[in-house]
Amino acid sequence: MTAPFGPDVVAAVCRHMNDDHAEDSLLICRTLGGQSTATRARATGLDDGGMEFAVTVDDIEVPVRVAFGYRLTERGQIRQEVVRMYREACQRLGLPPRPAG
């Protein structure tokens, strides 16, 4: 993993995803991470190219990496890219995404 974001940024993003967007992470990992039977997903890290998750499948935790659509260079791009991944996951499943807010 390349490290354009310091450990404090990575920890803050993972904490936010795990505390406030656990269901979104699961949806992303089920569709974009290729783990359709996952029952839980926990953000564990990120770099400029993607986000790392620990995903529970059949009661076993496995690592999953979901690539970003492009190389990120600024912290603000992380949110934009995670929102894009969430919306893409919803679209693939035919689900309406929550309104932005």
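I began with a helix pair: H1 passes H3 in a right-handed crossing. I call a crossing right-handed if the near helix is turned clockwise from the far one by less than a right angle, and left-handed if anticlockwise. The contact is made by Val-9, Ala-12, Val-13 and Met-17 of H1 with Arg-75, Ile-78 and Val-82 of H3, contact being heavy atoms within 4.5 Å. By class I noted six nonpolar residues, no polar and one charged. In this scheme Ala, Val, Leu, Ile, Met, Phe, Trp, Tyr, Cys and Pro are nonpolar, Asp, Glu, Lys and Arg are charged, and the others, Gly among them, are polar.

Note on the source: this is a predicted model, in which local features need pLDDT of at least 70 and side-chain atom pairs count only at pLDDT 80 or more, while totals for chains, interfaces and linings use all residues. Residues are numbered from 1 along each chain as its sequence is written, and side-chain values use heavy atoms, with hydrogens and water left out.

I then looked up the geometry of that pair. The axes of H1 (residues 7–20) and H3 come within 11 Å and cross at roughly 25°. That makes H1 roughly parallel to H3. The axes are lines fitted to C-alpha atoms, for helices over the stretch in contact, with angles from 0 to 180 degrees between N-to-C directions. Angles under 35 degrees count as roughly parallel, over 145 as roughly antiparallel, 65 to 115 as roughly perpendicular and the rest as oblique. Helices (H or I, at least four residues) and strands (E, at least two) are DSSP runs, numbered from the N terminus.

Next pair: H2 (residues 22–31) and H3 (residues 75–93) have axes that come within 9 Å and cross at roughly 60°. H2 is therefore oblique to H3. The crossing of H2 past H3 is left-handed. From H2, I listed Asp-24, Leu-27, Ile-28 and Thr-31, which meet Val-82, Met-85, Tyr-86, Ala-89, Cys-90, Arg-92 and Leu-93 in H3. The contact of H2 with H3 has eight nonpolar, one polar and two charged residues.

Is H2 enclosed or open? Seven of its ten residues are buried, so H2 is largely enclosed by the rest of the structure. Buried means under 20% relative accessible area, exposed over 50%, and partly exposed in between (1.4 Å probe, protein chains only). The buried residues of H2 pack against H1, strand S1 (40–47), strand S2 (50–57), S3 and H3.

Glu-81 is in H3 and counts as buried at 3% relative accessibility. Leaving out residues up to four places away in sequence, Glu-81 touches Phe-68, Gly-69, Tyr-70 and Leu-72. Arg-65, in strand S3 (residues 60–67), is partly exposed at 36%. Its side chain has a polar contact of 2.9 Å with that of Asp-47 and one of 2.5 Å with that of Glu-52. A polar contact is a pair of N or O atoms within 3.5 Å; within protein, one must be able to donate a hydrogen and the other to accept it, and residues adjacent in sequence count only if both atoms are side-chain atoms.

Last, I looked at backbone phi. Most residues other than glycine have a negative phi. Asp-58 has a positive phi, near 50°, and that of Asp-59 is positive too, near 65°. Asp-58 is in the loop between S2 and S3, and Asp-59 is found in the loop between S2 and S3. Asp-58 is exposed at 63%, and Asp-59 is exposed at 76%.
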